[in-house]
Amino acid sequence: MKKYYRGLINFLDHYKYLIVVVIGIVVVGFVDENSFMRRIQYELQISDLKAEIKKYNDRNEVDMRQLRELKRDPKAIQKIARERYFMKADDEDIFVLSDDITPATPQSHESAK
């Protein structure tokens, strides 16, 4: 039993710097709260959130422009009512075209007698 401990102590004594460096890299790279893995995850989250902020700022800009147009021009209200809510004037007809594909229904092939 003593020779196993002596062999272990000799191994640790011989490779002590390498063991310390490897343990340090593992702790700093993976285990620690401020590890490189977490830093990479946080950078990915930050880039996703920045993209989302840009998307919402662009949408806000478009909506603000549309709101200013609605405040200035009463015809813009009619335009939006016609486009979004399918409202019409008295002398107009509305045709709604759809891209939906309807399932083919089997037709009965009855012969006339």
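Which residue lies over the face of Tyr56? Select Tyr56 and find out. Lys55 lies there, at 4.9 Å from the ring centre. Keep in mind that this is a predicted model.

**Step 1: the whole chain**

Zoom out and show the chain as a cartoon. Count four helices and zero strands. Follow the chain from the N terminus, and the elements run α-α-α-α. The chain exposes about 11800 Å². Carbon and sulfur atoms supply 59% of that area. How much of the chain is buried? Of the 113 residues, 4% are buried.

**Step 2: a buried serine**

Go to the loop between α2 (16-31) and α3 (36-72). Select Ser35, which lies in this loop. Is Ser35 buried or exposed? Its relative accessibility is 2%, and the cut-off for buried is under 20%, so Ser35 counts as buried. Next, show what touches Ser35. Skip its neighbours within four places in sequence. The contacts that remain are Val28, Gly29 and Phe30.

**Step 3: two rings**

Now look for aromatic side chains. A search of the whole structure finds one aromatic pair. Select Phe11 and Tyr15 and draw their rings. A pair of aromatic rings is described by the distance of the centres and the angle of the planes. Take the distance first: the centres of the Phe11 and Tyr15 rings are 5.1 Å apart. Then take the angle: the planes stand at 55 degrees.

Keep both residues selected and check their surface. Phe11 has 44% relative accessibility and counts as partly exposed. Tyr15 is partly exposed too, with a relative accessible area of 36%.

**Step 4: charged pairs**

Colour the charged side chains. Side chains of opposite charge can pair when their charged atoms come close. How many salt bridges does a search of the whole structure find? The search finds four. Here are some stops among them.

Select Asp13 and Lys16. These residues form a salt bridge, with the closest N and O atoms 3.7 Å apart. Asp13 is partly exposed, at a relative accessible area of 49%. Lys16, at 39% relative accessibility, is also partly exposed.

Move to helix α3 and select Lys54 and Asp58. Their side chains meet in a salt bridge, 3.1 Å from N to O. How many residues apart are Lys54 and Asp58? They are four residues apart, about one turn of the helix. Compare their surfaces. Lys54 is exposed, with a relative accessible area of 53%. Asp58 is partly exposed, with 36%.

Stay in helix α3 and select Arg59 and Asp63. Asp63 forms a salt bridge with Arg59, and the closest N and O atoms are 4.0 Å apart. Here again the two residues are four apart, about one turn of the helix. Which one counts as exposed? Arg59 does, because its relative accessibility is 56% and exposed means over 50%. Asp63, at 37%, counts as partly exposed.

**Last look**

Technical notes
Residues are numbered from 1 along each chain as its sequence is written. This is a predicted model: local features need pLDDT of at least 70, side-chain atom pairs count only at pLDDT 80 or more; totals for chains, interfaces and linings use all residues. Side-chain values use heavy atoms; hydrogens and water are left out. Rings of Phe, Tyr and Trp (its six-membered ring) pair if their centres lie within 6.5 Å; planes under 30 degrees apart count as stacked, over 60 as edge-to-face and the rest as tilted. Buried means under 20% relative accessible area, exposed over 50%, partly exposed in between (1.4 Å probe, protein chains only). A charge sits over a ring if NZ of Lys or CZ of Arg is within 6 Å of the ring centre and within 35 degrees of the ring normal. Contact means heavy atoms within 4.5 Å. Accessible areas come from the Shrake-Rupley method with a 1.4 Å probe; for residues, only the protein chains shown count as cover.
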